[in-house]
Amino acid sequence: GTPRSNDLNTDSPILAMGWIGAQEMDTETGKYTLSIVTLGDTLSAPSLTRYYQHSCPLRLYGPGCGAVMQSITLLPISVANNRVNLSLNWQGARDMLDYVGGVITFTRPDAAPEFRTVARAEAEYIAFVGSNLHLTDYSAVSLSLGCPHTLDGCRDLHDNSRRYGGFPWMPLENPTRKSIR
C-alpha cells in the first residue's frame, strides 16, 4: 500500500504470512519492494516428490547410525597438500566414490591415531578435509567406507537400512489433493 500516516492499522491493513523471498530498493523513487512467498505458494509448488527426500542426519559410525566400520589398508606413496597419493586400483573391487565421506586413519606407534574425512576419491589419490599436521612417521593408513546419507547408500554400503534416519518416501503428488488456496 501507500501509507499516509504512522498508523499501521489504518494505512497498511494487509497481513501476509510467509517469508521474504526477495527485496529491492529503488533509490530514485524511494520505493522499497518486498516479495513474500506465502505458505500457499510453498504448498502449491511442485516440491512434494521423492526426488527431494530428506537425507539421513545421523553421523556415520556414530551411536545413532551404528554402522560397523569397514576399513581397507592403504599403501600411500606420499601425503601432501591434503592428499594421499596412491597407486592405481587402490580401492580394490569397490567403487572409489563409496569412500567419499568416509574416514582415513593415520596410525603412528608413538601417538594417538589421526583421523581425517575423505572429501574426494580419484584413481591416483584421496583428498581429505583437515590439516597435514602430524601425518608423518605413520605405521599404517586405513580407509573406511563413506555414506551418501540415502536409503540406498545405507542399505548397499553398510547393510544398516533399519537405522536409516531420513525420510525417503516423499509422495510424487500432494497426498491431500488440495491446495491451501
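Author: Two strands are called paired if DSSP finds at least two bridges between them. The strands themselves (E, at least two residues) and the helices (H or I, at least four residues) are DSSP runs, numbered from the N terminus. This is a predicted model, in which local features need pLDDT of at least 70 and side-chain atom pairs count only at pLDDT 80 or more, while totals for chains, interfaces and linings use all residues. Residues are numbered from 1 along each chain as its sequence is written, and side-chain values use heavy atoms, with hydrogens and water left out.

E1 covers residues 18–26 and E2 covers residues 31–38. The two run antiparallel and are joined by 8 bridges. One of the pairings links Gly18 with Thr38 in E2. There are 4 residues between the two strands, and Gly30 in this hairpin takes a positive phi near 75 degrees. Of the 9 residues of E1, 0 are buried, so the strand lies largely in the open. Here buried means under 20% relative accessible area, exposed means over 50%, and partly exposed is in between, with a 1.4 Å probe and protein chains only.

Of the 181 residues, 26% are buried. A contact means heavy atoms within 4.5 Å. Among contacts with a separation of 6 or more, 57% involve residues 24 or more positions apart.

The interior comes next. A nonpolar core is a set of buried Ala, Val, Leu, Ile, Met, Phe, Trp, Tyr and Cys residues joined through side-chain atoms within 4.5 Å. The largest one has 20 residues, and Leu74, Trp90, Ile104, Phe106, Ile126 and Leu143 touch the most other members. E6, E7 (114–121), E8 (125–129) and E9 (140–144) are the elements that each give two or more residues to this core. Beyond four places in sequence, the residues touched by Leu74 are Leu86, Trp90, Ile104, Ile126, Val141 and Leu143. Ser144 lies in E9 and counts as buried at 1% relative accessibility. Its contacts outside four places in sequence are Tyr61, Met69, Gln70, Ser71, Tyr99, Gly102 and Val103.

Asn85 is in E5, and its side chain makes a polar contact with that of Arg83 at 3.4 Å. A polar contact is a pair of N or O atoms within 3.5 Å; within protein, one must be able to donate a hydrogen and the other to accept it, and residues adjacent in sequence count only if both atoms are side-chain atoms. Apart from neighbours within four places, Asn85 is in contact with Pro76, Ile77, Ser78, Glu124 and Tyr125. Ser87 is in the loop between E5 (83–85) and E6 (103–107) and is partly exposed, with a relative accessible area of 41%. Ser87 touches Ile77 and Ala123, with residues up to four places away left out. Ser87 and Glu124 are 37 residues apart in sequence, yet 5.8 Å apart C-alpha to C-alpha.

Some backbone angles remain. Most residues other than glycine have a negative phi. Asn81 has a positive phi near 55 degrees; it sits in the loop between E4 (78–80) and E5 and is exposed at 66% relative accessible area. His134, in the loop between E8 and E9, has a positive phi of about 65 degrees and is partly exposed at 47%. Asp159, which follows H3, has a positive phi near 50 degrees. H3 itself (residues 151–158) has Leu151, Gly153, Cys154, Leu157 and His158 as its buried residues.

The structure holds 0 disulfides, a disulfide being a pair of cysteine sulfur atoms within 2.5 Å. For Cys56, the nearest cysteine sulfur is that of Cys154, 6.2 Å away. For Cys147, the nearest is also that of Cys154, at 5.7 Å. Cys56 is buried at 12% relative accessibility, and Cys147 is buried at 13%.
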